Amino acid sequence: MLDIAFSKPALPKAGALVLLIAEGAAPEGLAAQLDTEMEGGLTRALEAASFKGRKGQSVTLWAPVVTVTKLLVVGMGPLAGLDAEKLGGGIYPQVSGETQCTVAADGLSAAQAAAIGMGAALRAYRFDRYRTTEKAEDKPKLDKITVLAADPSGAKAAHAPMKAVAQGVFLTRDLVSEPPNVLFPAEFADRCKELTKLGLEVEVLGPKEMRKLGFGALLGVAQGSINEARMVVMRWNGLSGGKKKAEKPVCFIGKGVTFDTGGISIKPAGGMEDMKWDMAGAGTVTGLMAALAGRKAKCDVVGLIGLVENMPGDNAQRPGDVVTSASGQTIEVINTDAEGRLVLADVIHYAIEKYDPKLMVDLATLTGAIIVALGHEHAGLFSNDEELAARILAAGLATGEAAWRMPLGEAYDKQIKSDIADMKNVGGGRAGGSITAAQFIQRFVQGRPWAHLDIAGTAWSSKDAPIIPKGATAYGVRMLDRLVADHYEG
Amino acid sequence: MIKLRRGLSKDAVLLRPIAEGAPHPSGFAGRQGQVLELSPGERWIGADHAATATEWEGVGAACIAAAGRAPRVALDARELPAHFAVGLGVGAVLRAWRFEILKARRAPGPRRLELLVDDPAALADAWARAEARLSGVLLARELVAEPANRLTPKEFARRLRGLESDGIEVEEFGRPALRRLGAGGILAVGGGSAVPPRIVVLRWKGGFRAPPVAFVGKGLCFDTGGISIKGAAGMEAMRADMAGAAACAGAMLALARRKSPCPAVAILAIAENMTSGSAYRPGDVLRMMSGRTVEVVDTDAEGRLVLADALHLAVTRFRPQAVLDLATLTGSVITALGHHRAGLFHNDAALGAAVAAAGEAVGERLWPLPIGGRHREELNSDIADLRQCVPDGTRFVSDASNAAAFLREFVGTLPWAHLDIAGMDTAETDDLLAAKGTPTGFGVRLLDALVERHFEDPHRV
């Protein structure tokens with residue numbers, strides 16, 4: 001992880017220096033000091049480059065003074081409405097080849113200085129453990145950014161919880177990026193166990209325990225694979241300290257299909273490799289729990305993830321099978337590739353029975369239909385609770401992890417009526433596919449406040465964004481951390 | 001449509017909504033969906049918890065569905081408040097409608113409808129208003145039901161001329177006029193057909209001078225997909241690909257019949273998308289009426305091309321206070337929302353909210369969908385100002401949003417809402433106001449209600 005340090009404004013002794021200038025503003029503070037040292041050279045250079053401080057503008061000067069190898073001047077746009085995280089994320093790729101870098105945020109608040117560091121760290125993430133022959137010069141050299149702030153200790157304090165969240169994000173990105181031969185349910189569960197060092201209580205249930213609990217829906221999905229299913233329960237008792245519960249916990253539930261071939265209803269070959277990230281819901285819940293524990297959130301939260309591998313096999317589930325879920329409701333499996341909802345059904349039921357949550361949010365890369373509906377800029381949000389939905393939408397806007405509300409309703413629910421069982425696992429045809437999936441899940445929430453995030457379109461990115469490098473996005477970690485921070489702490 | 005009467009005529013079967021009461025020995029308890037054949041001349045229909053006019057429409061439809069072969073029926077609305085009585089009648093008319101002119105023998109079932117009310121005179125005004133709206137819905141349904149060999153672009157335009165008798169001005173832009181206008185979008189789409197395309201403009205002057213409300217409709221009399229031809233299965237449904245234009249025409253008739261004070265205009269882009277030697281091709285670059293160039297990627301994404309020209313014409317010629325376009329535009333909106341809600345896109349939050357509320361009020365429900373920055377970016381073309389859609393073969397394309405982003409380019413800054421009504425033109429199940437498989441007329445009531453609620457106050461505009 002890119003190390004972020006804070007110190008008092010002073011021209012660095014060595015390395016790259018980044019100056020930040022607002023739209024229409026003249027060099028001030030450290031920038032003015034440097035300009036003087038350069039005998040007005042900075043001002044002249046900016047004029048020559050028609051630099052106006054607009055967002056996205058930048059000017060590079062090599063070795064303008066003896067102590068600075070590279071000077072990067074970055075436009076911030078208008079100061080009102082500055083997104084400091086994105087600013088930091090935008091800076092990182094321009095300095096990643098340096099060995100030392102200082103960002104002068106002396107004109108900004110402590111919180112903004114901290115956010116610049118956070119943005120740079122989020123962008124600097126790389127999943128390169130399987131690149132064995134990459135040349136050293138192709139790897140980023142920068143391992144630390146020093147942010148100069150008027151109030152370095154304030155910035156450092158503001159950055160501490162952000163760092164914990166970033167570590168959660170990276171855990172999620174690691175899990176989602178891991179190939180499916182490495183990350184199967186048992187391995188995933190083992191990695192969750194490591195979170196005990198953050199103070200989380202971690203419990204792992206195997207097939208035997210789940211069979212006892214009647215998890216017919218989840219185990220039906222798993223039965224085609226030689227890799228056994230797991231359910232992992234991660235508890236963070238930040239409020240009660242594990243003693244008598246003062247309040248009902250918040251539950252986050254994730255779909256963790258470590259690889260989804262589709263099962264007997266097998267997927268076409270093109271793009272199937274993407275199905276390694278069909279566990280992104282579980283990955284997000286795991287990273288979120290690490291984030292909450294890492295920043296010692298003052299709330300009781302339970303994260304539950306259902307981990308299976310969906311394979312065709314001699315004992316695989318067939319279309320036409322009827323399974324009995326932990327809730328007792330029976331499900332006719334029409335399409336074995338609509339497996340995520342089967343996993344969630346049992347885990348959600350368990351969450352309710354065991355933890356009596358005040359609210360539940362589930363995350364799942366559930367349907368292709370949600371990508372057709374919304375594209376890649378919004379996750380689909382389904383909820384039976386207006387207040388919870390509004391809070392999630394707001395937390396999404398605040399963190400840049402946007403969601404879009406989608407409808408629920410009886411007319412859609414009717415589409416999953418089965419002739420033989422209580423329900424079937426697909427709605428018949430492609431019509432409203434993400435909605436019928438949400439209706440299915442809703443049948444297991446017993447009317448509790450619940451929200452479902454269909455993240456199939458947002459869990460993975462095919463191109464770089466300011467604070468999200470191409471690949472696993474960890475969509476949801478920052479949003480739900482914010483949700484907890486804003487409404488359920490303390 | 002339905003006669004208001006005080007008493008039951010002798011040969012009519014009485015259909016009586018029962019809202020509550022002690023359970024009948026048969027098990028009938030008045031629940032919605034329940035029907036009791038009390039005697040050959042009387043049926044009870046469950047109406048419990050019907051508490052809105054829309055719900056009473058559902059009961060009216062249930063009455064007709066329960067009437068069986070009875071040719072003459074009377075729905076009992078006595079003791080119902082006026083708006084519920086009207087709802088009952090509206091539901092009955094909508095459900096009883098059938099398209100039978102092409103059948104040698106008509107199927108048995110209710111044809112003569114009566115609504116029993118305590119005081120027919122007192123309800124006459126409210127009913128007249130409802131009937132105006134219904135006439136619009138039924139016009140739209142008839143147009144949608146007509147097969148494509150009968151309802152060609154030429155015939156569609158001819159029928160629209162019939163609206164002149166209701167005081168609507170009708171103007172037609174044929175191929176020469178479209179060429180003069182530089183309408184490269186609709187000319188390309190209609191170029192493959194033996195029957196040339198046209199834009200028909202309907203104008204209702206209303207009662208005050210103000211910029212009109214503009215309805216823009218996609219009127220593809222048949223859509224084979226063109227060179228990017230569709231699969232054979234289900235292609236017959238493409239006769240309904242003019243449902244947007246039909247709904248706009250129906251809404252204009254409703255406004256005229258009830259003498260709405262609001263000035264309104266409908267711009268209907270009418271064409272047939274055929275494969276032929278003169279058909280347009282994927283790769284073609286079109287110069288649209290607005291002057292923009294568009295790269296064709298898929299000739300089956302033709303709706304947005306004809307709408308782009310129609311929208312441009314609407315915006316530049318009429319400077320409307322609001323533009324609403326209706327189109328059976330994308331399969332992707334069906335994947336997104338199914339057959340229970342149409343997709344709503346807009347560039348104006350107030351208009352978007354008003355349109356959604358009007359839809360809720362009449363039971364023609366919408367759901368907002370996003371136009372994200374990326375949806376527009378995906379339309380960047382290497383050769384033209386923009387491309388028409390994202391190439392097929394890319395998995396999971398949010399084409400409904402892409403299409404909306406495309407259309408937005410031709411609207412300018414006027415308040416605009418786009419209703420993607422694919423999947424809503426034809427009833428998918430039997431429990432609605434239209435029998436399964438028949439046209440719904442979706443959009444007519446919504447547009448009429450929107451105008452009634454928001455655009456009839458001359459001091460507001």
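**Close-up views of a predicted two-chain model**

**View 1. The interface between chain A and chain B.** In this predicted model, chain A and chain B bury about 2200 Å² between them, with 57% of that area on carbon and sulfur atoms. On the side of chain A, the residues that lose the most area to chain B are A:Val372, A:Glu377 and A:Arg430, which together account for 25% of what that side buries. The contact draws 29 residues from chain A and 26 residues from chain B.

View 2. The side chains of A:Lys463 and B:Glu377 meet in a salt bridge, at 3.4 Å from N to O.

**View 3. The side of chain A that touches chain B.** Two or more residues each come from helix H11 (369–374), strand E15 (403–405), helix H13 (410–413) and helix H14 (433–442) of chain A. The largest share, 5 residues, belongs to H11(A).

**View 4. An open sheet in chain B.** Its 6 strands follow the order E1-E6-E5-E2-E4-E3, with mixed pairing. Strand E1 (3–5) and strand E3 (35–39) of chain B each have a single partner strand, so one side of each is left without a neighbour in the sheet. Neighbouring strands are turned by 25° against each other on average, direction ignored.

**View 5. Strand pairing and a packed helix in chain B.** Strands E2 (residues 13–18) and E4 (residues 42–46) of chain B run parallel and are joined by 5 bridges. B:Arg16 has B:Trp44 in E4(B) as its bridge partner. Helix H2 (residues 82–96) of chain B packs on the sheet, where it touches E2, strand E5 (72–76) and strand E6 (112–116). The direction of H2 makes about 170° with that of E6(B).

Technical notes:
Residues are numbered from 1 along each chain as its sequence is written. Chains are lettered from A and ligands numbered from 1 in the order in which they are written. This is a predicted model: local features need pLDDT of at least 70, side-chain atom pairs count only at pLDDT 80 or more; totals for chains, interfaces and linings use all residues. Side-chain values use heavy atoms; hydrogens and water are left out. Two strands pair if DSSP finds at least two bridges between them. Helices (H or I, at least four residues) and strands (E, at least two) are DSSP runs, numbered from the N terminus. Axes are lines fitted to C-alpha atoms, for helices over the stretch in contact, and angles run from 0 to 180 degrees between N-to-C directions. Contact means heavy atoms within 4.5 Å. Buried area is the accessible area (1.4 Å probe) that two parts lose on being put together, summed over both. A salt bridge is a side-chain nitrogen of Lys or Arg within 4 Å of a carboxyl oxygen of Asp or Glu.
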